[in-house]
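Let's read this model together, asking at each step how we know what we say. Keep the picture open as you go.

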Amino acid sequence: MRTIQSDGAVLCLPDRADGALYTVCCIAGEDFAGELAGIWETLPPVAVILVPPGKWEALSPFPAPALREGEPDCTPGAEAVLVRAAAAYDRLKRDSPLQPGPAIAGYSLAGLTALYGLHGGWGGKFSAFASLSGSLWMEGWDAFAESHPVPPEARAYLSLGGKEEKAGNPRMRQVGEATRAEVGRLKMQLPPRSLHFTLHPGGHFKDIPGRWRAALCWLAEK
């Protein structure tokens, strides 16, 4: 794996590529590059752009109270992150073999950001949207998603840990019901081949690299 840095974003490429590569913009910091390196050899040929998330509490589409006492409240910054991801892709595509129509993917609150892009009009820029253990417990999400249909040509990947809805925090325990509701909503709008839902064993932090591998493989095998 070779990397190219550009204004905070990091492009990860195979050592050799035959033609332009399908690209996944991952809302994740540079520390994710280490986890990515551990699964890189098991991935199909793909380009990955790591887009720094900034403050995690600012990845929400909406303002919301903090998940736990003493933590900062969630502030609406999902749109700004998507703008940064699109700009990073456009910037890096000028000098790299990247296919048009990248995907956008994120874990936890960043997964909610990706789904906000799916429902929020970003289908013209991103072809696929992946939410890994997305924070769909966020207040206001269900109403927003219900009132914002997705583009029928989009692709969507969702995953969740089977124990996540058994978390101690009562708000987080809503994530299972909310994720199943989102999958059901998308089933009504997307063809079966364009939607994938995976239930992984364990809680929110179980085998994060393995969950990323599953998502990246599905996205790349379009």
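Predicted model: local features only at pLDDT ≥ 70, side-chain atom pairs only at ≥ 80, totals over all residues.

Q: What covers the buried residues of α5?
A: With contact meaning heavy atoms within 4.5 Å, the cover includes α3 (109–119), α4 (141–147), β7 (155–161) and β8 (195–200). The buried residues of α5 themselves are Val175, Gly176, Ala178, Thr179, Glu182, Val183, Arg185 and Leu186.

Q: How do you know that the length of helix α5 agrees with what it should span?
A: Helix α5 takes in residues 175–187, which is 13 residues. The expected span is 1.5 Å times one less than the number of residues, so α5 should span 18 Å. Its end C-alpha atoms are 18 Å apart, so the two values agree.

Q: Why is Phe32 called buried?
A: Buried means under 20% relative accessible area. Phe32 has 6% relative accessibility, so Phe32 counts as buried. This residue lies in helix α1, and, leaving aside residues up to four places away in sequence, Phe32 touches Leu50 and Trp212.

Q: What makes strand β4 mostly covered?
A: Look at residues 47–51: five of the five residues in β4 are buried. Ala47, Ile49 and Val51 point one way, Val48 and Leu50 point the other way, and all are buried. In general, side chains in a regular strand alternate between the two faces of the sheet.

Q: How do you know that β2 and β3 each pair with β4?
A: Two strands pair if there are at least two bridges between them. Strand β2 (residues 9–13) has three bridges with β4, in the antiparallel sense, and here Leu11 stands opposite Ile49. Strand β3 (residues 23–27) is joined to β4 by five bridges, and these strands run parallel. On that side, Cys26 stands opposite Leu50.

Q: Why is the crossover from β3 to β4 called right-handed?
A: The word applies because, with the strands pointing away from the viewer, the path from the first strand over the helix to the second runs clockwise. Here the chain goes from β3 through helix α1 (residues 32–39) to β4, and this β-α-β crossover is right-handed.

Q: What makes up the lining of the largest pocket?
A: The lining has 31 residues, and Trp56, Ser108, Leu109, His204 and Phe205 lie nearest the pocket's centre. The elements giving two or more residues to this lining are α1 and α6 (208–220). The volume of the largest pocket is about 750 Å³.

Note on methods:
Residues numbered from 1 in each chain as written. Heavy atoms only, no water. Buried < 20%, exposed > 50% of the residue type's maximum accessible area, 1.4 Å probe, protein only. Helix = DSSP H or I, 4+ residues; strand = E, 2+ residues; numbered from the N terminus. 1 Å grid on protein atoms, 1.4 Å probe; cavity = no way out; pocket = protein on both sides within 12 Å on 5 of 7 lines; lining within 4 Å. Points joined across faces, edges and corners; volume = space filled by probe spheres on them.
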